[in-house]
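Thanks for making the time this morning. I would like to walk through one structure with you, going from helix packing to chain shape, then to a pocket and a few backbone details.

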Amino acid sequence: MTAILENTAPEKPKSITSGLDPRFKPRLYEHVGVPNSWTLEYALKNGAYEGAKKALAGTPEQVQDEAKKSGLRGRGGAGFPTGVKWSFMPKEDSKPHYLVCNADESEPGTYKDRYLMEHDPHQLIEGMLVGMHAIRANVGYIYIRGEYILAAERLERAILDARAAGLLGDNAMGFGKSMQVFVHRGAGAYICGEETALMNSLEGLRANPRLKPPFPAQAGIFGMPTTVNNVVSIASGALIMRHGSDWFASMGTEKSKGNFLFHISGPVKRPGVYELPLGTTYREIIYTWGGGPTEVIKAFNPGGSSTPMLPFTDEILDMQADYENCAAKGTFLGTGGIILIPKNCDIVNMMYNYVRFYAHESCGKCTPCREGIGTWMVRLMQKLISGRGDPNDVKILEDLFGNIKGKAFCLLADSCIMPVQSAYNLFKEEFEYIAQNGKPMYSGYANRWNVE
Amino acid sequence: MPKVIVNDREIEVANGTSALDALFHAGFDVPYFCSNEYLSPVGACRMCLVEAGSPRKNPDGSWMMDDATGQPKLFFFPGTVASCTLAISEGMVIKTTSAPAVKAQAGMMEFTLINHPLDCPTCDKGGACELQDRAYEYGYGEARFEFTRRHADKHHALSDFIVLDKERCIHCKRCVRYFEEIPGEEKLDFIERGGHTYIDSMESEDLAGRNLGNFSGNIGDICPVGALLDNVARFRGRNWEYDCTQTTAMNNADGASIWVDARTGRIERIRAGSNSSVNEIWINDATRYGHEWVDADSRLKTPLVRKNGKLEPASWDEAVAAIKAGLISTDKTKLGVYSSADITLEEGVALEKFAAALGTINVDHFPRLNAALSSVNRPTLDELARADAVIVIGADLYEESGTTYLRIEEMLKGVVSDLKYNHGTALADLRLKERMDRKRNKLAVFAPIRVKQMEHAGISEVYAIGGELELLKQLLASKSNSNFETTPAISSAAKLLAGAKNAVIVLGSFALASDAASVLAAAAKLGAKILPIPAAANGAGLEFLNLTPGQNGRTYGQFEGLKTAFISGYAADRPKDLEFLVVHTTQLVGAALKADVVLPQASNYEKRGTTVNLEGRFLPVQQAAVNGGESMDLIGAISALADALDVKLEIRGTRSAGRELNTRFGLDFENIPLEGVFPSKKPTAKAAATLRFGGGDVLLTPRMWQEKMLIGSARVRESIGLDNLMLSSTDASKFGVKDGEKLEVNVNGQDRTVIARVFNTASVPSLPALEGDVVGSSAVLKVAMAASGDD
């Protein structure tokens, strides 16, 4: 063992790209599932707020640089480098800045933020302190999904505790700076996960996406410079300050660094959230950690319901999960929420369920989403699965993809079209079968969806 | 200026231009529903999809080149983009007719139509509908959507004047944005989400309690479909049946452009006209809905002559004979000739010449101020919208002058929609944003009561009634000496004034009522431009004519010693001691009831001529296709009078009046452009004597609705709230009236309910206006009505 290390010493140690690598240790979910892990007492015992202390001792630029060096990319789905995003905030202005944590986790198949906030709220608050310092903000908002009642309660409790302990407040951690964090509970709208709609909702307005430009860094909530980050991005900020950017950069592939929360749902032995380094293969995630599928699988969404699905083939399974590989296959790493689709589940049924979700969640601002998805597509799919379809409906459906995709105001419409279109491209015969024969090709889950 | 290539045409447009404007400027067309000239671009309807690409620069500033062509490489947006929210850049290429663009537009049109009902044959917008037109031009022509359309309430009343057809709404958000961006009052919003989204107001569940403000009617004009309907005009006719006339509104001095749509001789609808330097495309609700009196049953269409103590219909010949019999033996040089001040300049000059021919000095117009408005340096409304400080004193502009109110709201936003292209005002001005920050600290409002505009003003104060001169004095003192001790509001307003380069002071009816001359003189010392609100529609024009009494002549309202009189317009009561009275009016109310001869008056929609608005802008008045029966304008009435009195007249028609005016103002009165013109010769105003009234220890606060609009329309009477009657505490105790008490008032012979507002001052100054009676709990008071807007 020693000999090997000596031989490789001049070279950079190989990046950690597997959860099985002995050097890998979960950090984000380190305390999830431990009794009383959400208390301040437990958190302080386990090194919480050390990262924030380091951050606040330095300048905002140092925190930004540390984040840039770590290679942290936004964990909300788009994967924009977090440090770069922080550096977009105006440097010298008299306006108040705001950090908003997007905890409106509503994507089907995604539940990573929930356990993090429920079991380790102090990690998020520490991350808020780091992020707020990086963007020179004195106020941070955690916009949390309304249905996350336990998470919101624990966050609020944690904020009160942190404030009482002097970690937050007018003189946060004794650095003479006012740092306040507030929890804002949403009212149950998926669109609030879109950053500009979130800002409208936070201001008390109707949650419609806003026009960009101006970008949030120029004029966000209340017209002031604002940065919106995902829960895991912010929590990772705290970890990077605690353990250093080198630790973070030691994991992952060339352009996709760090640890990542993958979560698996569908017919699998052990569904759940798994913290793994980026670059872990899908085979390892699904078979080693998820325990393998319990049924024959035909495809999966790699990052929540809105990412185009990938066929369940050896080539895909051996692919390293990172931003670039997914993009090369025409999909996205997204939130890391892997949804396995069993062969026996008719894809049209499943896509109807997807479309119904997006139709329900469309905000109604722009035409293609409101009318195209909200009225037409959902009814067309309903017609198909109820057995009243005809082959022409499939042609119309194909035409609707083109008429909606890329033409809507925000990404919600595309988020609906992308998985459905990918399903259509992969399993066209299932669409044609149901249109032709009035019954699904596979009927394993036929009774699962309530058609009418 | 950056060069942009639209399809095959290269054009140059200013930086910051939207792609939508660039392509219209180049002469191409795309469909759009959510964009509007005066509203912020939002990109909601997604109709204006085009292909667009632009070259990019290398870090060293040179263009990235395409090796194949040797030209700068074009980077196209993936798919299509909405052109309304896309800013152009140097070298941008926009394709509106390429296959992907055409497919995208047609596909979007299909989406817009799937839930839109096919009730065009019964829709008021049919034939003038943006969706209908665009569907013909850009749609597929055939429907593929086979499911049931959305069904919703088709007769959802948003207010007494506006009905919403929820099925027809295409969610362009123009109306929602309008309320927030133009009058600055959030009255409507989307409710629900996705396919269930609909427009509604949260003002009140109950229709009676709903108040969409004074500018609500404009949403019907800008609605691209027949979703927001004018309840007054609803189902009255089809668009192609209307005889449409663009003219200038004469219910107040704004000079707003309007379209009068008439059918079978009736005014069925009034829409806002477009005049980018005056009212843009907005008018207030009184201008829009206050036309029912013209066609009301109470409208006079024949002359009336008193026979055996009763007024009976007669022909014009009989009327002339009756006037001759009544006046032939009297002294013509003592005849009092009076007209309301909402007549055209042509009518005014005819009246002037008639008075001269009679040799009488008893001539006047009412209501008017005792000073010439043109004696101060007035700003144009565009200058007002671009001012860096506005101080409103003694005005409730929300009621008195809607256009001034809206232009001040525009000033608060700091963006005047003035970008001009080949197709007119910019369709998508990217400087306009949703929920823009308002520069509230640039506006100061002072008034004797709390007025609407105070809600938007950074500086506001309620001053003691009648305290305008004192206020102006303190402003001046505070402006020249920052240590001057005064109220915080006055001192901040003075600071604002001192730091401004283009300040404007707006003076309204409260400030100008009793002594306009002194107030204007005091305001002039402040070194800002001054915009006084005239007391009536053409007050700013008639002041240039000889229409005020000569020395020892009788002003309107000061009739002592007068034996005979001719009054054109609404007069409250027959002056005492009068032996013979001829009234020229449209409705049989007030003094007309006690007149000896009543002549039917043509409304301002039925005549041609010229009016002057509050800026001093000369605007044309056009004749709409309205059947006024035998009614005549003032020139006609004067001709009848001249016939009866055997007086020879120089002016017997609008044309000859125009010729007389041509020489005075150096303008071609036959061809005044619709957007108005300022005369080349600066005319001088005649000195004006103080207009005096008999009573007047109380006054009604200004109101955009005029008496005649209330007379003519039950809808208007029922929908508007109660007027405030202002009276001093002395009077209040004398008559036993308490603050907030409801009183029955008789104004112009019409019963009205008002709310008493008691002020702790010795007296409330009277406004130069009409008289009436207030029946208090223990006595009868005389009322002087607010001047502005009323004739």
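In this predicted model, helix 4 of chain A, residues 60-70, and helix 7 of chain A, residues 121-134, have axes that come within 7 Å and cross at roughly 115°. On the helix 4 side the contact is made by A:P60, A:V63 and A:Q64, and on the helix 7 side by A:V130, A:H133 and A:A134. Sorted by class, the residues of this contact are 4 nonpolar and 2 polar, with no charged residues.

Which residues of the two helices meet here? From helix 6 of chain A they are A:K112, A:D113, A:L116 and A:M117, and from helix 10 of chain A they are A:V231, A:V232 and A:A235. That contact divides into 5 nonpolar and 2 charged residues, with no polar ones.

Turning from helix pairs to whole chains, chain A contains 19 helices and 9 strands. Its radius of gyration is 23 Å, close to the 22 Å that the globule rule gives for 452 residues, so chain A is as compact as a globular protein of that length. Along the principal axes, the C-alpha trace of chain A spans about 70 × 60 × 40 Å.

Chain B, for its part, has 21 helices and 36 strands. For its 791 residues the globule rule gives 28 Å, and the radius of gyration of chain B, at 28 Å, is close to that, so chain B too is as compact as a globular protein of that length. The C-alpha atoms of chain B fill a box of roughly 100 × 65 × 55 Å, again taken along the principal axes.

Helix 4 of chain B gives the most, with 4 residues. How do the lining residues divide into nonpolar, polar and charged? The lining has 15 nonpolar, 8 polar and 21 charged residues.

Finally, some backbone details, for which the background is that most residues other than glycine have a negative phi, and most peptide bonds are trans. In chain A, the peptide bond from A:K212 to A:P213 is cis, with omega near -5°, and A:P213 lies in the loop between helix 9 (195-202) and strand 4 (226-230) of that chain. In chain B, B:F366 and B:P367 are joined by a cis peptide bond with omega of about -10°, and B:P367 is placed in the loop between strand 18 (363-366) and helix 9 (381-385) of chain B. As for phi, A:M173 has a positive value, near 55°, in a residue other than glycine, and A:M173 is found in the loop between helix 8 (149-164) and strand 3 (180-185) of chain A.

Key
Residues numbered from 1 in each chain as written. Chains lettered and ligands numbered in written order. Predicted model: local features only at pLDDT ≥ 70, side-chain atom pairs only at ≥ 80, totals over all residues. Heavy atoms only, no water. Contact = heavy atoms within 4.5 Å. Nonpolar A, V, L, I, M, F, W, Y, C, P; charged D, E, K, R; others polar. Rg over C-alpha atoms; globule rule 2.2 N^0.38 Å. Axes fitted to C-alpha atoms, helices over the stretch in contact; angles between N-to-C directions.
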